[in-house]
Amino acid sequence: MPPVRHLFGFLPEELAAYLRDHDVAVRDAEARRLVAHGIAHGRDGHPMARPVPRSVEAAVDVLVDRRRLEIVERATDPSDSFVKYLFRLHDGAYVEAVRIPLEIEGRFSVCLSSQAGCAMACDFCATGRLGLTRHLEPWEIVAQFVAVRDEAPGVVTGAVFQGQGEPLHNYVAVMRAAEILSHPCGGRIAAKAITISTVGIVPAIHRFARERRPHKLIVSLTSAIDERRRELVPAASAWSVHELAEAVRVYQRAAGGRVTIAWVVLGGINTGRDEIEALHQHFAGIPLRLNLIDVNDARLDGYRRATDDELSHFRDALRSLEDVPVVRRYSGGAARHAACGMLAGTRQLMASDTPPR
């Protein structure tokens with residue numbers, strides 16, 4: 001038997017080439033139809049509206065895998081309608097994705113996992129405490145998107161790589177998935193509506209800038225002080241904050257506009273004047289936007305959220321950074337462990353949730 005590849009990992013021209021390599025006479029338009037039927041339209045089986053030849057259908061049945069991911073659980077946060085999906089992969093690993101309602105009613109984004117587990121070991125993140133099981137294949141990332149999109153009560157207009165895993169640690173697969181998601185026969189979402197988050201893999205940021213990727217990049221900094229950041233984000237300590245800032249500077253020059261810096265606010269730890277001084281020292285001259293995100297730590301002895309007074313003083317002090325908009329970003333789904341830093345591949349099924357299929 002020839003090797004079988006998954007439909008969700010193909011662009012149309014690649015599917016056509018793959019089938020022709022196996023002596024299947026397929027037209028480019030037929031390959032486009034097959035990919036669009038499976039990914040853009042989320043349909044199982046073969047296209048019915050404009051069928052492809054039976055010989056092509058028979059070859060696809062043998063050469064192309066079209067299985068969906070198994071949905072183990074859907075858990076809805078009743079307070080904000082975030083929905084967390086728990087998937088079981090073919091090898092038994094678990095990953096999660098989250099359907100995120102946007103400000104415009106009927107519009108959604110999907111938070112995607114790029115790895116099962118994570119090697120970054122961020123001390124405030126449940127996924128980081130899992131360790132890395134494995135990288136996801138591009139088709140497994142696309143399959144998350146298709147599964148969540150197909151159940152959305154509206155239109156999915158964006159995707160964010162902020163689920164399990166460090167996207168730039170699985171660089172090739174993530175960029176490949178993003179390309180498929182933004183293709184007219186694929187996910188049909190704008191390339192600029194795909195956001196990729198990183199804790200700061202410096203060589204990969206340089207590569208991202210060099211390749212002129214059209215997607216948005218968010219850098220999760222959380223501390224601008226080297227010693228403190230090494231404790232909070234151990235894997236990122238391979239590069240100093242200065243080296244990370246220089247990579248961000250290179251990326252900003254390539255992409256233009258403001259670079260978003262994510263800052264997980266840890267009560268009593270990273271809200272002092274010393275952090276603001278370090279931010280200014282390393283990032284001065286780079287057009288930035290600072291997103292403040294409340295920590296989500298379900299452990300009894302975990303990190304606490306900043307008090308209202310502490311956060312207010314921190315935001316006031318941040319005004320000393322010239323022309324840096326500061327936004328407090330809402331992280332939804334906490335009641336179902338679907339919020340930032342809480343994805344750990346665990347079941348959260350409640351009586352009111354939709355049962356698994």
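Buried means under 20% relative accessible area, a cut-off applied throughout these close-up views of a predicted model.

Figure 1. With a relative accessibility of 13%, S197 counts as buried. Leaving aside residues up to four places away in sequence, S197 touches F161, Q162, E166, P167 and I218.

**Figure 2. Packing of helix 6 (residues 202-210) against helix 8 (residues 241-255).** The axes of these two helices come within 9 Å and cross at roughly 10°; because angles under 35 degrees count as roughly parallel, helix 6 and helix 8 are described as roughly parallel to each other. Helix 6 contributes V202, I205, H206, F208 and A209 to the contact, while helix 8 contributes E243, L244, A247, V250, Y251 and A254. Sorted by class, the residues in this contact are nine nonpolar, one polar and one charged.

**Figure 3. Helix 5 (residues 171-181) and the elements that cover it.** Helix 5 is mostly covered, nine of its 11 residues being buried, namely Y171, A173, V174, M175, R176, A177, A178, I180 and L181. The elements covering these buried residues include helix 1 (12-21), helix 2 (28-40), helix 4 (138-150) and helix 6, together with strand 9 (155-161) and strand 10.

**Figure 4. Salt bridges K84 with E96 and E211 with R213.** The count for the structure comes to 22 salt bridges. In the pair formed by K84 and E96, the closest N and O atoms are 3.0 Å apart; K84 lies in strand 4 (residues 83-88) and E96 in strand 5 (residues 94-101), so that the pair links distant parts of the chain, 12 residues apart. Both K84 and E96 are buried. Between E211 and R213 the closest N and O atoms are 2.9 Å apart, and here E211 is partly exposed at 31% relative accessibility, as is R213 with a relative accessible area of 26%.

**Figure 5. The salt bridge of R228 with E275, and a network of E14, R176 and E179.** The closest N and O atoms of R228 and E275 are 2.7 Å apart. Because R228 lies in helix 7 (residues 226-232) and E275 in helix 9 (residues 273-283), the pair ties together parts that are 47 residues apart in sequence. E275 counts as buried, at 0% relative accessibility. Elsewhere, salt bridges that share partners join E14, R176 and E179 into one network.

Terms used: Residues numbered from 1 in each chain as written. Predicted model: local features only at pLDDT ≥ 70, side-chain atom pairs only at ≥ 80, totals over all residues. Heavy atoms only, no water. Buried < 20%, exposed > 50% of the residue type's maximum accessible area, 1.4 Å probe, protein only. Contact = heavy atoms within 4.5 Å. Axes fitted to C-alpha atoms, helices over the stretch in contact; angles between N-to-C directions. Helix = DSSP H or I, 4+ residues; strand = E, 2+ residues; numbered from the N terminus. Parallel < 35°, antiparallel > 145°, perpendicular 65-115°, else oblique. Nonpolar A, V, L, I, M, F, W, Y, C, P; charged D, E, K, R; others polar. Salt bridge = Lys/Arg side-chain N within 4 Å of Asp/Glu carboxyl O.
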